[in-house]
Amino acid sequence: MPKDTIQMPAMMRDVSVRAETVNEEARTVDVVWSTGSERVVPRFFDEAFIEQLSMDDGAVRLDRLNNGAPV
């Protein structure tokens, strides 16, 4: 059975880097991935929808980032 291939645009997420928190010695910086506010997210084949990410503890697995993942 043949499979259709479609080209889709790259998916991205905004992030804010807090320059005042740079610690060159420790090689760390604070970043903000989300504030929990609503935003309109376009969809590829349907109408856009409103996204609101949870800010609850445990809503996101951060083990890899907290253990030194490159950013």
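**Salt bridges and the main pocket**

Let's start with E51, which sits in strand β4, residues 49-51. Strands here are DSSP runs (E, at least two residues), numbered from the N terminus. This is a predicted model: local features need pLDDT of at least 70, side-chain atom pairs count only at pLDDT 80 or more, and totals for chains, interfaces and linings use all residues. Numbering runs from 1 along each chain as its sequence is written, and side-chain values use heavy atoms, with hydrogens and water left out.

Is E51 buried or exposed? E51 is buried, at 19% relative accessible area. The cut-offs: buried is under 20%, exposed over 50%, partly exposed in between (1.4 Å probe, protein chains only).

Now its partner. R39 and E51 form a salt bridge through their side chains, 3.0 Å from N to O. That pair links distant parts of the chain: R39 lies in strand β3 (residues 39-41) and E51 in strand β4, 12 residues apart. R39 is partly exposed, at 31%.

By the rule of a Lys or Arg side-chain nitrogen within 4 Å of an Asp or Glu carboxyl oxygen, there are two salt bridges. R18 pairs with E20, closest N and O atoms 3.1 Å apart. R18 is partly exposed at 38%; E20 is exposed at 60%.

Last, the pocket. Which residues lie nearest the centre of the largest pocket? They are V31, W33, V60, L62 and L65, out of 21 lining residues. A pocket is an open set of points on a 1 Å grid over the protein atoms alone, where a 1.4 Å probe fits, with protein on both sides within 12 Å along at least five of seven lines; lining residues have an atom within 4 Å of a point.

How values were computed: Helices (H or I, at least four residues) and strands (E, at least two) are DSSP runs, numbered from the N terminus.
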